Amino acid sequence: MTKVYINNIQKFMPNEPVLNDEMEEYLGYIGGKKSKAKNIVLRSNGIKRRFYVLEKNSLKPLFTNAQITANAIKKLENDDFKLEKLEALSCGTTSADQLMPGHTLMVQGELGINEIETLSASGICLSGINALKYIYYGIKAGELTNGISTGSETSSMVLNSKNFEEESNYKELEKNPGIEFEKDFLRWMLSDGAGAMLLENKPNEKGLSLEVKWIDILSYAGEMPICMYSGCEVDENHNITPWRAFEQQEVMSRSLLSIKQNVKLLNENIIEYTVTKPIQKILEKRDLKEEDIAYFIPHYSSTFFREKVYEGMKKGGLEIPFEKWFTNLTEFGNTGSASIYIMLEELFNSNKLKKGQKLLCYIPESGRFSTAFMYLEVV
């Protein structure tokens with residue numbers, strides 16, 4: 001099998017960073033009132049700043065998802081690689097600009113390139129790593145010599161206040177103003193951004209590369225119910241009603257196209273089903289030892305889960321001390337499918353990596369409890 005190397009990683013963050021006290025100036029005030037949940041959620045998640053495609057005080061988007069993704073990809077061009085050489089493009093996102101066509105085709109259109117293979121990976125946080133694994137498989141099988149994968153999000157487009165006005169007004173009539181906490185708390189959790197990786201069948205002639213040793217993705221949707229979702233309504237028995245089954249007015253008054261999280265289900269299960277159980281399974285298959293790992297790169301949505309991930313890994317049989325952890329959550333926010341790209345971009349371009357070091361990446365998804373672990377070696 002052909003070896004696979006990550007030879008370049010770039011990111012694109014839209015506009016200027018947004019600090020905690022500015023958030024509602026970008027996302028807007030639902031019903032004209034400040035959120036009661038905002039400060040509570042921010043104290044818990046530890047995020048200090050994030051990025052939005054929205055213009056301050058106008059709710060107007062200055063970029064589409066396809067545009068920020070294309071901007072990250074363009075930064076991969078250098079003397080050794082031009083986009084005209086690209087063979088395959090695989091893009092993952094939770095928040096595509098449209099229902100159809102696929103997100104990758106819209107990114108390709110922004111780039112103005114032709115005659116390439118494409119894949120659009122849907123889902124939530126795992127869509128970015130699924131996009132990466134497609135390119136990894138293609139090169140490893142010898143079908144491709146290069147490919148680009150991406151993860152990107154424009155969550156602010158879904159979280160801004162105009163998407164909740166009808167629901168808020170409807171609840172005002174019922175003397176229950178505002179929106180559900182399960183929707184409101186996500187407004188203070190998610191951020192926008194895009195990351196892109198160039199994968200090739202040969203390492204860089206100059207500088208470092210990351211050899212992809214393996215990517216393991218495990219889903220527990222066969223036993224776990226839906227937890228994070230958009231475009232449907234979920235009853236107490238975890239049965240869903242798709243948004244298309246509702247009248248158009250109901251879709252808006254219930255804000256069915258917003259993102260919702262079952263917080264209780266999340267807190268009770270996220271560590272067991274994205275950390276402990278899968279790492280136990282992986283350790284049966286892989287020769288993975290703490291002393292071999294130079295960096296552990298975890299994608300978690302909130303600093304609230306930092307200690308819990310540590311304990312989950314320890315329980316699963318792989319205890320990694322915090323001095324080996326690398327994350328930039330507090331500075332870039334939770335960018336969903338782009339998070340692992342944005343973390344690796346900073347580390348890859350930091351001049352901290354040394355030949356022979358090994359990196360273990362962890363990417364969970366709460367949609368219906370799935371997870372990914374990726375093992376890289378600096379060469």
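Q: What do the buried residues of H2 pack against?
A: They pack against helix H1 (23-27), strand E3 (49-50), helix H8 (181-184) and helix H12 (329-332). Contact here means heavy atoms within 4.5 Å. This is a predicted model, in which local features need pLDDT of at least 70 and side-chain atom pairs count only at pLDDT 80 or more, while totals for chains, interfaces and linings use all residues. Residues are numbered from 1 along each chain as its sequence is written, and side-chain values use heavy atoms, with hydrogens and water left out.

Q: Why are the buried residues of H2 said to line one face of the helix?
A: Buried means under 20% relative accessible area, exposed over 50%, and partly exposed in between (1.4 Å probe, protein chains only). In H2 the buried residues are Lys 38, Val 41, Leu 42 and Asn 45. Seen down the axis, they fall within an arc of 100°, so they line one face; the arc is that of the directions from the helix axis to the C-beta atoms. Ile 40 and Arg 43, on the other side of H2, are exposed.

Q: What makes a set of residues a nonpolar core?
A: Its members are buried Ala, Val, Leu, Ile, Met, Phe, Trp, Tyr and Cys residues joined through side-chain atoms within 4.5 Å. The largest such core has 55 residues, of which Leu 210, Ile 297, Leu 344, Leu 359 and Leu 376 touch the most other members. Helix H5 (residues 126-140) gives the most to this core, seven residues. A second, separate core has 30 residues, including Tyr 220 and Tyr 310.

Q: Why is Arg 49 said to sit over the ring of Phe 332?
A: A charge sits over a ring if NZ of Lys or CZ of Arg is within 6 Å of the ring centre and within 35 degrees of the ring normal. The charged end of Arg 49 is 5.4 Å from the centre of the Phe 332 ring and is listed as over it.

Q: How do you know that the chain agrees with a compact globule?
A: The rule is 2.2 Å times the number of residues to the power 0.38, and the radius of gyration is taken over C-alpha atoms. For 379 residues the rule gives a value near 21 Å, and the chain has 20 Å, so the two agree.

Notes. Helices (H or I, at least four residues) and strands (E, at least two) are DSSP runs, numbered from the N terminus.
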